Amino acid sequence: MRIKSALAAAAVVALAAACGSGGGGGSSSSSNEPVKINFLSLAWQKESVAANNQLVDEWNRANPKIQVTYVQGSWDNVNDQLVTQFAGGTAPDVIHNDSPALSGFASDGYLLDLSDKLPAELKSDIPQAAWDTVTFDDGKGKQGVYGVPFLQESQVIIANKKLLDKSGVRVPTPDSPWTWDEFSEAAKKMTKGGALGVAWPMKSPVNKTLNLALNFGGTFFESAGGKTTVKVGPEEREVLQRIHDQLYKDKSADPAALGQGTADPLPAFYKGKFAMLPAGVFLRQQVAEQAPDGFEWVTLPGPKGTSAQQGAVSQTLSIAQDSKHADEAMKFIAFFLNGPNQAKLAKGDWLLPTSQTAAADPAMTARENGWDVATASAKNLVVAPFLKVKGFDEWKSKVATPVLQEFYANKITIDEAATKLVDEGNKVLERYQR
C-alpha cells in the first residue's frame with residue numbers, strides 16, 4: 001500500500017497523547033461512563049480522512065456508551081511508533097495498518113487473534129483470498145486472523161484514449177483482457193509519431209514485479225522443510241523478460257521513466273509522450289484531478305499470462321492484544337467495515353473494497369474514472385506470496401530493489417539478476433530462520 005510523506009508533527013504528538021491514555025482505553029471508572037476506544041487511522045487523502053471522521057461521528061452518535069476517539073497517524077512512522085507503544089502498554093485499541101506489518105506484531109503477541117470474534121456477516125462478506133492476507137502464525141505454531149482486510153490495490157493500465165483509438169488495437173475488457181503478447185504488440189503499434197507505447201516507472205520495482213509475476217505463476221519464494229528460499233525460475237523470469245524486451249528489444253517503452261516513481265511520468269503522459277502507464281488503481285485519482293482540459297483517458301485491465309492473478313496485500317484494522325475493550329472494538333470495526341461504509345472508504349482512497357457488498361455498490365461499478373474496470377480487477381487478487389516470508393523487507397530493500405533496478409536499466413543480464421536475487425537473498429533469509 002502507499003506510504004506518503006509524514007503528516008504534521010502535531011499529528012504525531014496527538015497520536016502519542018491520544019494513545020497514551022492506556023493500552024486500549026483502560027477500564028471505565030464508573031459503570032455510567034462510556035467505554036472509550038482509541039482508533040488509529042492512517043488515512044491521508046482529503047476524501048479518505050473525511051470519510052473516516054464521518055463514520056466515527058456516525059458511530060458515536062448512535063452508540064453513546066461506546067465512544068471512539070479518532071487518532072491521526074502516518075504511514076511513514078506507524079510501525080516504529082507501534083513498537084514503542086506495544087512495549088509500553090499504550091497502544092490504541094483499533095489499529096489501521098497493512099497486512100505485511102501484521103506478521104511480526106502477531107508473532108510477538110501484540111495483536112489479538114480475531115478468529116473467534118468476527119461477526120458472521122462481516123466474515124462472509126469478505127472473500128477467503130482477502131482473509132488469507134491477514135492469517136499468520138502466532139509464533140507458537142497456531143494460525144490466527146490478526147486483522148480485518150478492507151482495502152486492496154491491483155495493477156491496471158491507464159491509457160491515452162486518443163492514442164489507443166488511433167492504434168486500432170483491440171480494447172481489452174475485464175472479461176477479455178490482453179495477453180502479455182497482445183499487450184506487447186499494442187505497445188509496438190502505439191510507438192509512432194514521436195510517442196512510445198508504454199512507460200514503466202521502476203524507482204520502486206519490487207512489489208510491482210512480484211505481484212505481476214503471479215500472471216505466470218511466479219512466486220519468487222518457495223518453502224520446504226520449514227525453510228524458505230528465493231526462487232527465480234522460468235515462471236519468475238516471464239514478466240522480467242517481457243518488460244525488458246519492451247525497453248530494449250521492441251523499443252516501445254520509455255527508458256526515461258525507469259528511475260521515476262509511480263506518478264512522476266504523468267506530465268509526459270498528458271503531453272502524449274507515451275500511450276500507456278501500468279500503475280496501481282489509486283493513480284486514477286491524480287489523473288482525474290490533474291489531467292489538462294480535453295485530455296481523454298481510460299482504465300484498462302492488466303494483462304494476463306497463464307492466469308490474470310496478481311499478488312495483493314490489504315489495508316487492515318486490528319485490535320491490540322492488551323485492549324481492555326476488545327468486544328466493543330470489534331463492534332466498531334464491524335460497523336466501520338460493513339458494505340456501504342467500505343464503499344465510502346474505497347471511494348475516498350481510490351482503492352478496492354474487499355467487501356462483496358461494497359463491490360456491488362453503484363459507486364464502485366460506474367464507468368466514470370474507470371471504477372468498473374478497477375473494481376472488476378479485484379477478483380484476480382490473491383495473497384502475495386512474499387507476505388508470509390520472514391526477512392522479506394530486508395531482501396526487498398538490500399537485494400531485490402538494487403538488482404531489479406540494474407536489470408531494468410540493462411546493466412546486468414537476466415541470468416546475473418537471478419543469481420544475485422537467489423544467492424544474496426538466501427543469505428538475508430537465513431538470518432531470519434535460525
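Predicted model: local features only at pLDDT ≥ 70, side-chain atom pairs only at ≥ 80, totals over all residues.
A pair of aromatic rings is described by the distance of the centres and the angle of the planes. In this model, the count comes to 23 aromatic pairs. One of them joins Phe 183 and Trp 200, whose ring centres are 6.2 Å apart with 70 degrees between the planes, an edge-to-face arrangement. Phe 183 belongs to helix H8, whereas Trp 200 sits in the loop between strand E8 and helix H9, so the pair ties together parts that are 17 residues apart in sequence. Phe 183 has a relative accessible area of 0% and is therefore buried; Trp 200, at 2%, is buried as well.

Tyr 270 and Phe 295 also form an edge-to-face pair, with 5.5 Å between centres and 75 degrees between planes. Because Tyr 270 lies in helix H11 and Phe 295 in the loop between helix H12 and strand E12, this pair ties together parts that are 25 residues apart in sequence. Tyr 270 counts as buried at 16% relative accessibility, and Phe 295 is buried at 15%.

Ring pairs also link Phe 39, Trp 59, Tyr 70, Phe 332, Phe 335 and Phe 336 into a cluster. Elsewhere, charged residues lie over ring faces: Arg 284 is 4.1 Å from the ring centre of Trp 371, and Lys 388 is 4.5 Å from that of Phe 136.

The second largest pocket holds about 310 Å³ of space. Its lining has 17 residues, and those closest to the centre are Trp 297, Val 298, Thr 299, Arg 367 and Val 373. Strand E12 supplies the largest share of this lining, five residues. By type, the lining comprises nine nonpolar, four polar and four charged residues.

Key:
Residues numbered from 1 in each chain as written. Heavy atoms only, no water. 1 Å grid on protein atoms, 1.4 Å probe; cavity = no way out; pocket = protein on both sides within 12 Å on 5 of 7 lines; lining within 4 Å. Points joined across faces, edges and corners; volume = space filled by probe spheres on them. Helix = DSSP H or I, 4+ residues; strand = E, 2+ residues; numbered from the N terminus. Nonpolar A, V, L, I, M, F, W, Y, C, P; charged D, E, K, R; others polar. Phe/Tyr/Trp six-rings, centres within 6.5 Å; stacked < 30°, edge-to-face > 60°. Buried < 20%, exposed > 50% of the residue type's maximum accessible area, 1.4 Å probe, protein only. Lys NZ or Arg CZ within 6 Å of the ring centre and 35° of its normal.
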